[in-house]
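Here is a short tour to read alongside the model. Please keep the sequence and the 3D view open as you go.

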Amino acid sequence: MNTPPSPPGVERTDGSAVRIGALVPLTRPGWAEAGRHLLAGLELGVREVNDTGGIAGRPLELVVRDTAADPRRAAAAVDEVAGLGVAALAGEYHSVVARAAAARADALGLPFLCSSAVLDALTEQPTEWVARLAPAQSHGWKIYADFLLGAGHSRIAVAAQPSVYWASGTRVLRDHLAPRGGTVIELDMGALSPTSVCDELVGHRATALLLLVGHPEPAVPIVRAVRRDPRLAEVMIGAPAGQPEFAGWAMSLGDDGAAIPFLRYLPERLGPLGARVGTALRERLAEAPSFVAFEGYDTVAVLADVLRSHGVDRARIAESWPRVTVEGTRGRIRFSRTPDISVWQWAWAPVQVVDRDPAEPERFRILHTG
């Protein structure tokens, strides 16, 4: 399987640089907008490391590979960058893709710091080689479930596509809501049209619909159908996976994309480091940076600290995860062993439930924190 070359200027061949492999979705069917934000954060982090002397005087460089949301392509990319001599692997946004990358990195003995994927079972068995910045799905989605209950929603429909990630999210919601009087109604988007979703919501008397589906299809048509059905004027639409975070959501849906609560991993107020990085990311992206861009920056901050302290030997990098203590853009980052999580985990990045303000869709409202 062929993988595309890295963007110009990313690789060097003189052996002087310390290299990090970077997996990002840059083309469809991957969520390319999320990939662009993730890469912007990674690149800004690398630039700042090099502006302050690099790694013991050696420049830090990214070897970027586009996963396009394809697990097989990601696994092949891990093999390729490992063969190019990278000290560690970073990145990825899609959980199913990150899981394939983590399995391959574990098999090769390549340290992998996963930036943004949340699936709890990132590896089948506990591993010393993989660490993660993003909060596990079971943690974030329980916070989202608490938000739903607090907002008065106990009959919750989920419009879901077949996926390990969506199935896992549905299970987290059901397990958390059921003992608290909540009901989760599954709507199979392999069998339903947006119009029939509306009929199902009426028939089940659901007060909330969660979009566990891809964007723009079928998320955008579902939102439009529900918004235009007078029977569903009081139904809340939610998107726990964070689709409304990105500008493409607002461009696709306009006013219909507001008031759809989602999860994001930012503090209520950024500290001095986060504010400075946020300004630099906004300049680099020419738009407001998402939490995914901050995850990219924090990934490099952690890896640079590890490389400066422990060198480029892969085994020593992996052994260092429990000793990491790095000031990131969203708080101090430390990794620990967390129950039922198979990788070294930052427990936890800050979690918010937010939505776009209907009166000003470019502004986000914080509805709940966890």
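## The sheet

How many bridges join E3 to E4, and in which sense do the two strands run? Three bridges join them, and the strands run parallel. Before going further, please note that this is a predicted model, in which local features need pLDDT of at least 70, side-chain atom pairs count only at pLDDT 80 or more, and totals for chains, interfaces and linings use all residues. Residues are numbered from 1 along each chain as its sequence is written, and side-chain values use heavy atoms, with hydrogens and water left out.

E3 and E4 belong to an open sheet of seven strands, ordered E2-E1-E3-E4-E5-E14-E13, with mixed pairing. Strand E2 (60–66) and strand E13 (335–336) are at the edges with a single partner strand each, so one side of each has no neighbour in the sheet. Here helices (H or I, at least four residues) and strands (E, at least two) are DSSP runs numbered from the N terminus, and two strands pair if DSSP finds at least two bridges between them.

E1 and E3 run parallel and are joined by four bridges, with Ala22 partnered by Ala90 in E3. Leu89 has Phe112 in E4 as its bridge partner. Strand E4 (residues 112–114) pairs with strand E5 (residues 130–132) in the parallel sense over three bridges, and Leu113 stands opposite Ala131 in E5.

## Helices on the sheet

Helix H1 (residues 32–51) packs on the sheet and touches strand E1 (18–24), E2 and strand E3 (88–91). The direction of H1 makes about 165° with that of E2. H10 lies across E1, E2, E3, E4 and E13, running at about 165° to E3. Contact means heavy atoms within 4.5 Å; axes are lines fitted to C-alpha atoms, for helices over the stretch in contact, and angles run from 0 to 180 degrees between N-to-C directions.

## Nonpolar cores

A nonpolar core is a set of buried Ala, Val, Leu, Ile, Met, Phe, Trp, Tyr and Cys residues joined through side-chain atoms within 4.5 Å. Buried means under 20% relative accessible area, exposed over 50%, and partly exposed in between (1.4 Å probe, protein chains only). In the largest core, of 78 residues, those touching the most other members are Leu60, Trp141, Leu210, Val302, Trp321 and Phe335. Helix H10 (residues 291–310) supplies the largest share of this core, 11 residues. Apart from it lies another core of 25 residues, including Ala157 and Ile260.

## Cis bonds and positive phi

Most residues other than glycine have a negative phi, and most peptide bonds are trans. Two cis bonds can be inspected here: His215 to Pro216, with omega near 10°, and Ala347 to Trp348, with omega about 0°. Pro216 sits in the loop between strand E8 (208–212) and helix H7 (219–227), while Trp348 is in the loop between strand E14 (344–346) and strand E15 (352–357).

Ala56, in the loop between H1 and E2, has a positive phi of about 50° and is exposed at 76% relative accessibility. Arg205, in the loop between helix H6 (194–204) and E8, has a positive phi of about 55°. Arg205 counts as exposed because its relative accessible area is 58%.
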